[in-house]
Amino acid sequence: MTNKRILTFIFVLLLNLSFSQTQISKQFDPKIVIDTTAIELQDYNNALLYDAQWRAEFFDDSLYDSISKAVNENTSEAVNFAALSLDTLQSRLQQLDAKTPFHIHYNPALETLIKKYLKQRKVLYERLMKLSQYYFPLFEDIFDREGIPLEIKYLAIVESALRPNAKSRVGATGLWQFMFSTGKYYDLEVSSYVDERCDPVRSTIAAAKYLKSLYKVFNDWDLALAAYNSGPGNVTKAIRRSGGHQNYWNIRPFLPRETAGYLPAFLATMYLFEYAPQHGFNVSKHQMPIIKTDTIQIKRMISLKQVSAVIDIDLETLEFLNPSYKLGIIPYIKNKNYALRLPLEMVGTFVSNEDQIYAYAKAEFDRREKPLPKFFKLDTKIRYKVQPGDYLGKIAKKFRVRISQIKQWNGLRSDQLKAGSRLTIFTRNPQQ
């Protein structure tokens with residue numbers, strides 16, 4: 001083995017096994033080029049098994065589909081669940097009502113939903129409880145700073161089943177299901193590389209601000225949540241149609257179907273989480289809460305795949321920790337702060353070896369046969385009047401956007417257009 005090969009072997013070994021910045025800075029020669037093929041790393045079978053188990057909780061799409069179905073079903077059929085007596089349920093709901101700003105009073109619809117979740121969706125909620133251990137500390141910290149009820153953390157269960165990349169049929173995206181225009185209003189960037197609606201920190205801050213603004217309008221958290229789901233206009237129309245009532249349960253029959261099931265789903269979820277021990281939910285401590293991660297401001301463009309290669313972290317885990325990067329690439333743009341989130345024990349390794357890691361990333365990009373996509377930011381909103389003979393493909397080509405985007409921005413379920421109708425279009429302008 002040549003001296004150069006020996007040095008490369010030592011470099012990669014230390015890069016993957018050492019977490020002490022002091023030790024690394026003493027050992028590494030900055031001129032050495034990272035060769036990720038130098039050694040074949042081994043792992044322990046039991047650790048791999050644990051990883052497989054928690055990744056199954058993190059990455060399962062069925063959670064979002066199941067929650068969406070539960071909210072939209074909105075059934076009123078009684079459910080027989082003898083393990084929860086009426087007296088016990090009423091007592092617990094009174095306790096929740098006393099310690100939260102929500103109006104949590106017993107009614108048959110809420111009882112039905114709680115019993116249905118306990119009887120039919122216990123396994124689903126058990127998995128959500130495990131996953132919540134990653135996100136809830138973040139939510140609580142931001143909500144505490146913004147001065148909104150900490151219990152609103154349960155709203156993310158109803159909205160997205162804690163899927164940072166969840167997308168509804170009309171294009172609402174992320175943990176808090178922001179539409180494009182609402183996200184833009186709250187400074188959530190959407191570009192060819194980045195969708196900050198999927199960023200847990202930035203989207204939660206935006207959700208907190210939006211919810212605060214809705215509470216200022218309605219001065220009632222129940223109505224604020226209803227407005228978050230269907231828009232303030234639908235809530236005020238329901239108030240008028242109900243004869244001026246301002247209690248959610250009184251205006252509920254006049255709300256859109258999904259919103260009618262929205263607050264009960266939120267309250268039922270709150271009940272299940274708050275009384276999980278009493279109902280025998282088996283929720284073990286999660287291995288990686290968000291407080292055991294940290295971020296690094298990126299100084300050069302780098303891909304998650306390259307990070308995975310040089311510091312020996314599973315790519316799927318990196319994608320979970322950094323869900324806002326649509327192409328798996330973290331761009332570097334002047335005056336922008338794009339960050340890489342890593343487990344705490346790997347942050348020192350990355351920071352201590354930034355020059356070598358960025359050099360490796362550049363070399364990888366330079367070897368690409370296909371050029372990287374140009375950075376485009378969607379920033380100009382227009383209202384386009386559909387002309388006779390227009391079709392989605394023609395309009396998409398005119399404004400250099402995708403057909404799917406036009407449908408998402410306008411909530412279109414089909415490709416049919418009516419002359420004279422208006423479409424919201426966000427043009428794509430090169431970032432200077």
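Modeller: Happy to! Let's begin with a helix contact: in α10, Tyr-210, Leu-214 and Phe-218 meet Pro-232, Val-235 and Thr-236 of α12. Keep in mind that this is a predicted model.

Biologist: At what angle do α10 and α12 pack, and how far apart are their axes?

Modeller: Helix α10 (residues 200-218) and helix α12 (residues 232-241) pack at about 25°, and their axes are 12 Å apart. That angle makes α10 roughly parallel to α12.

Biologist: Is the crossing of α10 and α12 left-handed or right-handed?

Modeller: Right-handed, as α10 passes α12.

Biologist: Now α5 and α6. Which residues meet there?

Modeller: From α5 you have Leu-86, Leu-89 and Leu-93, and they meet Leu-110, Glu-111 and Ile-114 in α6. The axes of α5 (residues 86-99) and α6 (residues 108-120) come within 12 Å and cross at roughly 105°. Angles of 65 to 115 degrees count as roughly perpendicular, so that is how α5 and α6 lie to each other.

Biologist: Changing topic: how many aromatic pairs are there?

Modeller: The count comes to 23 aromatic pairs. One of them is Tyr-384 with Phe-399, an edge-to-face pair at 5.5 Å centre to centre with 75° between the planes.

Biologist: Where do Tyr-384 and Phe-399 lie?

Modeller: Tyr-384 is in strand β5 (residues 376-385) and Phe-399 is in helix α20 (residues 392-399), so the pair ties together parts that are 15 residues apart in sequence.

Biologist: And are Tyr-384 and Phe-399 buried or exposed?

Modeller: Both Tyr-384 and Phe-399 are buried. Phe-399 also has a charge over its ring: the charged end of Lys-398 sits 5.6 Å from the ring centre.

Biologist: Which other lysine lies over the face of a ring?

Modeller: Lys-122 lies over the face of Phe-281, 5.3 Å from the ring centre.

Biologist: Which rings are linked into a cluster?

Modeller: Ring pairs join Tyr-134, Tyr-135, Phe-136, Phe-139, Phe-143, Tyr-154, Trp-176, Phe-273 and Phe-320 into one.

Biologist: Where is Ala-161, and is Ala-161 buried or exposed?

Modeller: Ala-161 lies in the loop between α8 (155-160) and α9 (180-185). Its relative accessible area is 0%, so Ala-161 is buried.

Biologist: And what is the story with Asn-219?

Modeller: Asn-219 is not a glycine either, and has a positive phi of about 55°. Asn-219 sits in the loop between α10 and α11 (221-230). With a relative accessible area of 58%, Asn-219 is exposed.

Biologist: Last one: where is Gln-408, and what is in contact with Gln-408 beyond its neighbours in sequence?

Modeller: Gln-408 belongs to helix α21 (residues 403-410). Leaving aside neighbours within four places in sequence, Gln-408 is in contact with Lys-167, Val-170, Gly-171 and Met-179. Gln-408 is partly exposed, at a relative accessible area of 22%.

Biologist: How far is Gln-408 from Thr-424?

Modeller: Their C-alpha atoms are separated by 9.9 Å, with Gln-408 and Thr-424 being 16 residues apart along the chain.

Notes
Residues are numbered from 1 along each chain as its sequence is written. This is a predicted model: local features need pLDDT of at least 70, side-chain atom pairs count only at pLDDT 80 or more; totals for chains, interfaces and linings use all residues. Side-chain values use heavy atoms; hydrogens and water are left out. Rings of Phe, Tyr and Trp (its six-membered ring) pair if their centres lie within 6.5 Å; planes under 30 degrees apart count as stacked, over 60 as edge-to-face and the rest as tilted. Helices (H or I, at least four residues) and strands (E, at least two) are DSSP runs, numbered from the N terminus. Buried means under 20% relative accessible area, exposed over 50%, partly exposed in between (1.4 Å probe, protein chains only). A charge sits over a ring if NZ of Lys or CZ of Arg is within 6 Å of the ring centre and within 35 degrees of the ring normal. Axes are lines fitted to C-alpha atoms, for helices over the stretch in contact, and angles run from 0 to 180 degrees between N-to-C directions. Angles under 35 degrees count as roughly parallel, over 145 as roughly antiparallel, 65 to 115 as roughly perpendicular and the rest as oblique. A crossing is left-handed if the near helix is turned anticlockwise from the far one by less than a right angle, and right-handed if clockwise. Contact means heavy atoms within 4.5 Å.
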